[in-house]
Amino acid sequence: MKKIENNFAVTGFVAKDAEVRQFTTTSVARFPLAVARQEKNGEETKRISAFMNIEAWRKNENTGSFDQLTKGTLLTVEGYFKPEEWTDKDGVLHNRIVTVAVKFYPAVEKEEEAPAKPVKKQEKGKK
């Protein structure tokens, strides 16, 4: 059986400054990441955007990287999906998927790509 890896890598803009909560030995930063992609339908190209809620955990002595989590920062985030399940006070079962950042770093901005020009084939014997 193939081993299935539970991980992701995504690049986007921090949508608002991270909310940081500090506990006895660890801290968590929670922030929304705005991600987008181009979708083409015939001749029409549309930009589809979404927000991912990310959480990053660090030992208190290693929270310096949280300084990058400010609105407008372009980041690449790598991590995994963590399922959570709980029962509320009324006995209703809830679940959600948490996107946990293992690491994040400034993304390399790439320029808009121009459509590739078709390469003309040379006929034999012609230069």
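At 8% relative accessibility, Phe104 falls under the 20% limit and is therefore buried in this predicted model. Leaving aside residues up to four places away in sequence, Phe104 touches Ala56, Arg58, Ser65, Phe66, Gln68, Leu69, Leu75, Thr76 and Val77.

Phe104 also belongs to the largest nonpolar core, which has 16 residues; Phe31, Leu33, Ile54, Leu69, Val77 and Phe104 touch the most other members. Two or more residues come from each of strand 1 (8-14), strand 3 (26-41), strand 4 (44-59), strand 5 (74-87) and strand 6 (93-106). Strand 3 contributes the most, with four residues.

Turning to the aromatic rings, the whole structure holds three aromatic pairs. In one of them, the ring centres of Phe8 and Phe81 are 5.0 Å apart and the planes meet at 35 degrees, so this pair is tilted. Phe8 lies in strand 1 and Phe81 in strand 5, 73 residues apart, and the pair thus links distant parts of the chain. Phe8 is buried, at 11% relative accessible area, whereas Phe81 is partly exposed, at 31%. Another pair joins Phe31 and Phe104, with ring centres 6.4 Å apart and planes at 70 degrees, so the arrangement is edge-to-face. Here strand 3, with Phe31, is linked to strand 6, with Phe104, across 73 residues. Phe31 is buried, at 2% relative accessibility.

For the protein chain overall, there are six strands and zero helices. Buried residues account for 24% of its 127 residues, and its accessible surface is about 10700 Å², with 51% belonging to carbon and sulfur atoms.

Technical notes
Residues are numbered from 1 along each chain as its sequence is written. This is a predicted model: local features need pLDDT of at least 70, side-chain atom pairs count only at pLDDT 80 or more; totals for chains, interfaces and linings use all residues. Side-chain values use heavy atoms; hydrogens and water are left out. A nonpolar core is a set of buried Ala, Val, Leu, Ile, Met, Phe, Trp, Tyr and Cys residues joined through side-chain atoms within 4.5 Å. Buried means under 20% relative accessible area, exposed over 50%, partly exposed in between (1.4 Å probe, protein chains only). Contact means heavy atoms within 4.5 Å. Accessible areas come from the Shrake-Rupley method with a 1.4 Å probe; for residues, only the protein chains shown count as cover. Rings of Phe, Tyr and Trp (its six-membered ring) pair if their centres lie within 6.5 Å; planes under 30 degrees apart count as stacked, over 60 as edge-to-face and the rest as tilted.
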